[in-house]
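The sequence and coordinates come first.

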Amino acid sequence: MSQAADTSTRSTLITGCSSGIGHAAAHALTRRGWRVFATARAEADVKRLEEEGLEALVLDLDSSASIEAAVETIKERTGGRLTALFNNGAYGQPGAVEDLSREALRAQLETNLLGTHELTTRVLPMMRAQGHGRIVQNSSVLGFAALPYRGAYVCSKFALEGLTDTLRMELKGSGVHVSLIEPGPITSRFRENAYRAFQAHIDTAHSAHATTYQKVEARLASSDGKAPFTLEPEAVVDKLIHALESRRPRPRYAVTVPTHLFAVLKRILSSRGMDRVLLRSTKDERE
Ligand SMILES: NC(=O)c1ccc[n+]([C@@H]2O[C@H](COP(=O)([O-])OP(=O)(O)OC[C@H]3O[C@@H](n4cnc5c(N)ncnc54)[C@H](OP(=O)(O)O)[C@@H]3O)[C@@H](O)[C@H]2O)c1
């Protein structure tokens, strides 16, 4: 693959391409003629992505140095032009809110919010200078609806939505468009990665939620048993393509039935009513 400075091709940087949505997006956009900088935090994944024919780079959202190095490499390779950024990399830290240590919550926000934000601020000058750009944030249905035992993740995605809504207004007239994609359940490695975070940070034995955690753990550890209405990553990629290629990208894209449903319910129900619906939708996970 050519690594010469290329200012004609549409180009995009994608985070979290080792698996799931990022991986599917990197391949789909490459097939559509985009120059894709597919990034992953582990060297071994970068190597694998290169073997798959992708132009891959290391980018760890937890490291400012890694973010800076990746952006500098892309600047060199593109002559300082980048059409789009897909902020996709993230993970879920499960656990009851009262069991989240400062460290666990900080780690969750470092990756999902602060790293994503830092990368965005490093890429934006290129987009402002060229007078156009697309930034797409992979949020979640949990970016506007809270579910029990997912507080850290919910917090990170609500915060990402707030930052994004603000940024969109601040970029009005700049030629840079910002969109949020809000997927519901999607087939990926999300659950197994969340299980790892759960084991690393949640002291189940000493928790008031110890009994519920047995259920939580069984759900996270199981490789089968998809949540209802689960879609494949391509459902997200379809919205991503619209956000990147349409003349009028939307501020928000809902993916999956639960996202559409909860968005409508949130508009019409009281907070208590919404709590009832959200608790009922996760009842099997607790009892
Ligand atoms: N799957 C769902 O049901 C669902 C629903 C709504 C929203 N989402 C969102 O979709 C996005 C992609 O998730 P996915 O479902 O495709 O899950 P996934 O298969 O677990 O992929 C997540 C990606 O993020 C990467 N990542 C984690 N920490 C990182 C860090 N510090 N720096 C850079 N990359 C990091 C992972 O890399 P490693 O392999 O190195 O860990 C992986 O490549 C996330 O933003 C997630 O919140 C997913």
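1. Helix 1 (20–31) and helix 6 (190–201) each supply at least two residues of the shell around the ligand. Helices (H or I, at least four residues) and strands (E, at least two) are DSSP runs, numbered from the N terminus. The largest share of that shell, three residues, is contributed by helix 1.

2. This is a predicted model, in which local features need pLDDT of at least 70 and side-chain atom pairs count only at pLDDT 80 or more, while totals for chains, interfaces and linings use all residues. Residues are numbered from 1 along each chain as its sequence is written.

3. The ligand is surrounded by 29 residues, the closest being Gly16, Gly20, Gly89, Ala90 and Ser188; a residue is near a molecule if its C-beta atom, placed from the backbone, lies within 6 Å of it. By class, the shell holds 12 nonpolar, 13 polar and four charged residues. Here Ala, Val, Leu, Ile, Met, Phe, Trp, Tyr, Cys and Pro count as nonpolar, Asp, Glu, Lys and Arg as charged, and the others, Gly among them, as polar.

4. Glycine 16 lies in the loop between strand 1 (11–14) and helix 1. Glycine 16 counts as buried because it has 28 C-beta neighbours inside 10 Å; the cut-offs are 20 or more other C-beta atoms within 10 Å for buried, 12 or fewer for exposed, and partly exposed in between, with C-beta atoms placed from the backbone. Leaving aside neighbours within four places in sequence, glycine 16 is in contact (C-beta atoms, placed from the backbone, within 7 Å) with Gly22, Asn88, Gly89 and Ala90.

5. The largest nonpolar core comprises 47 residues, and Ile14, Ala25, Ala38 and Leu240 have the most contacts inside it. Such a core is a set of buried Ala, Val, Leu, Ile, Met, Phe, Trp, Tyr and Cys residues joined through C-beta atoms within 7 Å. A second, separate core of eight residues includes Ala152, Tyr153, Val154 and Phe262.

6. In helix 6 the buried residues are Ala194, Ala197 and Phe198. They lie on the same side of helix 6 because they cover an arc of only 105° around the axis, taken from the directions from the helix axis to the C-beta atoms. These buried residues pack against helix 7 (210–221), whereas the face turned away from the buried side carries the exposed residues Glu192 and Ala200.

7. Arginine 196 also belongs to helix 6. With 13 C-beta neighbours inside 10 Å, arginine 196 counts as partly exposed.

Terms used:
Contact = placed C-beta atoms within 7 Å.
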